[in-house]
Amino acid sequence: MLPIDAAAHSSRWRRRHPGEKAALGFGLTLAAVCLPPWPGAVLVAAATLGVLLGPAGVPGRQLWRAFRIPLGFCVTGAVPLLFEVGGARGLVALAPDGPVHAGELLLRTSAASLGVLLFAFTTPVSDVLPRLVRAGVPAPVVDVALVMYRISFLLLDAMSKIRQAQAARLGLTSRAAAWRSLAGLGATAFVRAFDRAQRLQTGLAGRGYDGTLRVLVPEAAVSGRFLVATAGLLGGLVALTLVLERSLP
Amino acid sequence: MHIAEGYLPPVHAAAWGVASAPFVVHGVRALTREVRSNPESTLLLGASGAFTFVLSALKIPSVTGSCSHPTGTGLGAILFRPPVMAVLGTITLLFQALLLAHGGLTTLGANVFSMAVVGPWAGYGTYWLLRRSSVPLMVSVFFGAFVADLSTYCVTSVQLALAFPDPGSGVLGALAKFGGIFAVTQLPLAVSEGLLTVLVMRLLTQSSKGELTRLGILLPGARKPGTETKTAGASA
């Protein structure tokens, strides 16, 4: 199981309705993207971190491990904004407003990523997918996504073990060997995926499979108080941003 | 190559979502038709999607000494066709955003457009044209994967250039800037992905002839790659 999904399964908010957590997490992400980066994204990031580490109970170390991936993309993505090319000041030169734009982008992407992580760290994908049918997503698409989700973990686990076996057999010692091993890994993933699908098909056929995958969805009521608190937090962040934007430099 | 969460301004994020929507809806309709007429294909399509997801987790050695991962769009499009790849690619990108913190939800439309729409269609188109011209299977597979990878990065460069025009030279300057940065790493990576895809396909023709025949890559009775007729895999 992948670390974020494993954390979501044991989250303090696991039993909460995914709709509540989506409203909070995606609301914060939208606020980060739509509000002015200074001071909006800073406030959103601070509030999201507070919720993640406080009420949601996400361990700081796990959060940092997951957050450093998008953070790396944010930093490398901001670097090109520091430069301008082909302008009046030469082929490549430092852009006059480059640091400001890069900083704003960094703030916006960091805050937005934290919002998505809030949802991901508290809501297993297996809780979300079956509910998408009620949201209007065609059932066959949801079924395919469910099968993808289940088989992906098995395949990732198998890939990891095959990789270890290849390394133990000196399959990664030279560039040529590494390429051969990599190709073997890709081909094995294909074979395993189809083999798994065929075995699943045989098993389901024995249980009267009629084309619909029925799964139990844990019942959870939508909490009005949670939604009101979410609306209050988002409204407060917007109001505070607008007030501070006028008073801060 | 994934555009990170929050990287695009809201208007751009929404516009790319609108641009991707018709392709995804078309793919959803094709997939729904297929599943309703043939319920067992749910499992096969799920396995195909899982394969695409896992493929994108493989690490390719890069010329710079670092590693990158294949997009998987070329191989996916050749095996499963672009309309289905639009749906499987969208689900894969959604899983990557939620399970790996890779990509994002506000940038999902832009990422879908580059990786699940343009990449598969460009790669499959190249493969189809080459097969129609009687080019050997493995050469067609190489160029299909190469073009799919490269077109994905070209579209991503355009998306970034439109979002962040260069202060001195506008969108064209920004395109040169982002394209230039990508070209250093992505041209060798596109070649790498093409080679990897050929190696994977070679192994598959030896170990999974039945599946490849069912998917239309090989014709029934074909003994080895290159002996099948030129229309194999070229019928969408």
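Analyst: One definition to begin: the bend at a residue is the angle between axes fitted to the seven residues ending there and the seven starting there. This is a predicted model, where local features need pLDDT of at least 70, side-chain atom pairs count only at pLDDT 80 or more, and totals for chains, interfaces and linings use all residues. Residues are numbered from 1 along each chain as its sequence is written, with chains lettered from A and ligands numbered from 1 in the order in which they are written.

User: Where is the kink in H4(A)?

Analyst: At Arg68(A), with a bend of about 30°. Helices here are DSSP runs of H or I with at least four residues, strands are E runs of at least two, and both are numbered from the N terminus.

User: How do you know what span is expected of H4(A)?

Analyst: The rule is 1.5 Å times one less than the number of residues. H4(A) covers residues 60–78, 19 residues, and the expected value is 27 Å. From first C-alpha to last, H4(A) reaches 25 Å, which is close to that.

User: Which residues of H4(A) are buried, and what do they pack against?

Analyst: The buried ones are Leu63(A), Ala66(A), Pro70(A), Phe73(A), Cys74(A), Gly77(A) and Ala78(A). They pack against helices H1 (3–9), H3 (37–53) and H5 (98–122) of chain A. Contact means C-beta atoms, placed from the backbone, within 7 Å.

User: Why is Gly104(B) called buried?

Analyst: Buried takes 20 or more other C-beta atoms within 10 Å of the residue's own, exposed takes 12 or fewer, and partly exposed is in between; C-beta atoms are placed from the backbone. Gly104(B) has 30 within 10 Å, so it is buried. Its place is the loop between H4 and H5 (108–132) of chain B. Leaving out residues up to four places away in sequence, Gly104(B) touches Ala112(A) and Val116(A), and in its own chain Ala4(B), Glu5(B), Gly6(B) and Ala97(B). Gly104(B) and Ala4(B) lie 100 residues apart in sequence, yet 5.6 Å apart C-alpha to C-alpha.

User: Why does Leu170(A) count as exposed?

Analyst: Leu170(A) has 10 C-beta neighbours inside 10 Å, so the exposed label applies. Leu170(A) sits in the loop between H7 (139–168) and H8 (175–205) of chain A. Its phi is positive, about 60°, although it is not a glycine.

User: Ser134(B): buried or exposed?

Analyst: Exposed, with 11 other C-beta atoms within 10 Å. Ser134(B) is in the loop between H5 and H6 (137–163) of chain B. Ser134(B) also has a positive phi, about 65°, and is not a glycine.

User: What makes chain A more spread out than a compact globule?

Analyst: Chain A has nine helices and two strands. The radius of gyration is taken over C-alpha atoms, and the globule rule is 2.2 Å times the number of residues to the power 0.38. For 249 residues the rule gives 18 Å; chain A is at 23 Å, well over that, so it is more spread out.

User: Which peptide bond is cis?

Analyst: The one from Trp38(A) to Pro39(A), with omega near 5°. Pro39(A) is found in H3 of chain A.

User: How many residues does each chain bring to the contact?

Analyst: Chain B brings 57 residues and chain A brings 67. On the chain B side, H2(B) gives the largest share, 12 residues.

Note on methods
Two residues are in contact if their C-beta atoms, placed from the backbone, lie within 7 Å.
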